[in-house]
Amino acid sequence: MSPDRAVRDRHDFLAGIERELTLLGRHQVLPGSTREPGVLEKSAYLLLTRLEAQQPMSLRELADAFRLDVSTVNRQVAALLRQGLAERIPDPDGGLARKLRPTAEGARKLREDREHYRRRLGLVVTGWSEADRHAFYELLLRFNSGIEVLQGTHWPR
């Protein structure tokens, strides 16, 4: 294959991935992407998921984990606090910053929404072979892990 052809194929391949990721971001199967009553907003789902995996966390730790400004995370956390889905606690390690953790209600709501989300994903992959579902999972894991390495933001699994 000529070098020009290899560059063109790589560009076409990357263009295809970019387009499909853009479409994935707009599809309504994602948590909080619809206005269904009682479903968590996407930011609440993501924050609670992170707090579940690595609690407790400070606003700064959450902002760093999501690569967002503290002010943005503060607004999102304020909504969680108002809804009783998270609570502030003293730092268990004795630090000055207060930390956040999900409340029992926040954990319950996250479990409900996660099951709802998984049911919807199940509908998407109905008819896929076990091998295809496994391969898709492995590729997503590799893709997300690559992003985490590139950005220096590990997501606990």
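**View 1. D113 in helix α5.** D113 is part of helix α5, which spans residues 104-124 (helices are DSSP runs of H or I with at least four residues, numbered from the N terminus). The model is predicted, so local features need pLDDT of at least 70 and side-chain atom pairs count only at pLDDT 80 or more, while totals for chains, interfaces and linings use all residues. Residues are numbered from 1 along each chain as its sequence is written, and side-chain values use heavy atoms, with hydrogens and water left out. D113 counts as buried because its relative accessibility is 6% (buried means under 20% relative accessible area, with a 1.4 Å probe and protein chains only). Apart from neighbours within four places in sequence, D113 contacts G38, V39, L40 and Y45 (contact means heavy atoms within 4.5 Å).

**View 2. Packing of α2 and α5.** The axes of helix α2 (residues 42-53) and α5 lie 10 Å apart, at an angle of about 110 degrees (axes are lines fitted to C-alpha atoms over the stretch in contact, and angles run from 0 to 180 degrees between N-to-C directions). α2 is therefore roughly perpendicular to α5 (65 to 115 degrees). Y45, L48, T49 and E52 of α2 meet G106, L110, D113, R114 and Y117 of α5 in this contact.

**View 3. The largest nonpolar core.** This core holds 20 residues, and L47, L62, V73, V77 and L80 have the most contacts inside it (a nonpolar core is a set of buried Ala, Val, Leu, Ile, Met, Phe, Trp, Tyr and Cys residues joined through side-chain atoms within 4.5 Å). Two or more residues each come from α2, α3 (59-66), α4 (70-82) and α5. Leaving aside neighbours within four places in sequence, V73 touches L47, L59, L62, A63 and L68.

Key
Buried means under 20% relative accessible area, exposed over 50%, partly exposed in between (1.4 Å probe, protein chains only). Angles under 35 degrees count as roughly parallel, over 145 as roughly antiparallel, 65 to 115 as roughly perpendicular and the rest as oblique.
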